[in-house]
Amino acid sequence: MSTVTVQLFASYADLLGAPTVELPVRPGTTVQDLVDSIRSLPGASSLPSTPRVAINRSFAASDQLVEPSDEIALIPPVAGG
Amino acid sequence: MRRASILTGEIDPGSLINEVGSPQYGAISLFIGTVREVNEGRSVSAIEYSAYKSMARAELDRILDEAEERFGVSALIVEHRIGLLALGDVSVAIAAAHAHRAPALDCTRYVIEEIKKRVPIWKNEHYTDGTREWVDPTRAAQPSRA
């Protein structure tokens, strides 16, 4: 089965206790499917149900399809400046 | 002259002015963000900034594209620092030059507001009581905090 690596940052990396998680992807897997999988992992239940997600360094919609070669990241509330 | 940088060294706002300046422009607008000693009533000792660097650079480039399109400002530089910053340190600087003041001023305002909405950079505030917390601007907006 193909997998994809999801990058985690800041408070989300603290919640999961890791900077990345590896998840299975099948044809038809969406951004929201990945988020739901992550929220079922230990420590991740307090993750928002619809966090911002980036695919290939751009914000993605929750119904966007995910490919194994994509660069995926969960984006906690940003606080630059 | 247009560039966006994420850096770990100190920001020198004066060098940004020199870089965007030109006799064709009558106005240079410079915004500087610095580390403040109090946030939401808590005494801050330092802030550790981190970023998803490749996306932060890409998002900054998109913001500069939009700013050029909206305000006709092509002399535009933004630098954002990451790492551990002390009180008073410059965390972000934006310089915009234009023939006239209004587009230069509007442009710097636009860039900093968009940075705060969508560039993947985070602040871990260190407080004088020894605790630390991730800054979450979306949480502060919720009425349940009142």
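This is a predicted model: local features need pLDDT of at least 70, side-chain atom pairs count only at pLDDT 80 or more; totals for chains, interfaces and linings use all residues.
The landmark here is B:Ala75, whose bridge partner in β7(B) is B:Ala97.

Now zoom out to the whole sheet of chain B. This open sheet has four strands in the order β1-β5-β7-β2, and the pairing is mixed. Its edge strands are β1 and β2, with β2 covering residues 27-34, and each of them pairs on one side only. From one strand to the next, the twist averages 5 degrees. Helix α3 of chain B, residues 101-118, packs on this sheet and touches β2, β5 and β7. The direction of α3 makes about 150 degrees with that of β7(B). Helix α2 of chain B lies across β1 and β5, at about 155 degrees to β1(B).

Which residues have the most contacts inside the largest nonpolar core? They are A:Ala73, B:Leu76 and B:Ala96, in a core of 57 residues. Notice that this list names residues from chain A and from chain B. The element that gives the most to this core is α2 of chain B, residues 53-71, with seven residues. Let me stay with B:Ala96 for a moment. Leaving out residues up to four places away in sequence, B:Ala96 touches B:Val20, B:Ser29, B:Val73, B:Ala75, B:Leu76, B:Ala104, B:Cys107 and B:Thr108.

For contrast, here is a spot on the outside. B:Gly9 sits in the loop between β1 and α1 of chain B, where α1 is residues 13-20. B:Gly9 counts as exposed, because it has 8 other C-beta atoms within 10 Å, and the cut-off for exposed is 12 or fewer. Along the chain, B:Gly9 and B:His80 are 71 residues apart, while their C-alpha atoms are separated by 9.8 Å.

How do the two chains meet? On the chain A side, 14 residues are in contact with 23 residues of chain B. The elements giving two or more residues to that side of chain A are α1, residues 10-16, and β5, residues 72-75. By class, that side has nine nonpolar, four polar and one charged residues.

That brings us to chain A itself. Its secondary structure comes to two helices and five strands, and along the sequence the pattern reads β-α-β-α-β-β-β. The five strands make an open sheet, ordered β2-β1-β5-β3-β4, again with mixed pairing. The edges are β2, residues 20-25, and β4, residues 58-60, each pairing on one side only. The twist here averages 35 degrees from one strand to the next.

Inside that sheet, β3 of chain A, residues 52-55, pairs with β5(A) in the antiparallel sense over four bridges. One pair to look for is A:Val53 with its bridge partner A:Leu74. Helix α2 of chain A, residues 31-39, lies across β1, β2, β3, β4 and β5, running at about 125 degrees to β2(A).

Finally, some overall numbers for chain A. The radius of gyration is 12 Å, which agrees with a compact globule, because a globule of 81 residues would have a value near 12 Å. The C-alpha atoms fill a box of roughly 35 × 30 × 20 Å along the principal axes. Of the 81 residues, 27% count as buried. Among contacts with a separation of 6 or more, 49% are between residues 24 or more positions apart.

That's my tour, and I'm happy to go back to any part of it.

Definitions and conventions
Residues are numbered from 1 along each chain as its sequence is written. Chains are lettered from A and ligands numbered from 1 in the order in which they are written. A nonpolar core is a set of buried Ala, Val, Leu, Ile, Met, Phe, Trp, Tyr and Cys residues joined through C-beta atoms within 7 Å. A residue is buried if 20 or more other C-beta atoms lie within 10 Å of its own, exposed if 12 or fewer, and partly exposed in between; C-beta atoms are placed from the backbone. Two residues are in contact if their C-beta atoms, placed from the backbone, lie within 7 Å. Two strands pair if DSSP finds at least two bridges between them. Ala, Val, Leu, Ile, Met, Phe, Trp, Tyr, Cys and Pro count as nonpolar, Asp, Glu, Lys and Arg as charged, and the others, Gly among them, as polar. Axes are lines fitted to C-alpha atoms, for helices over the stretch in contact, and angles run from 0 to 180 degrees between N-to-C directions. The radius of gyration is taken over C-alpha atoms; the globule rule is 2.2 Å times the number of residues to the power 0.38.
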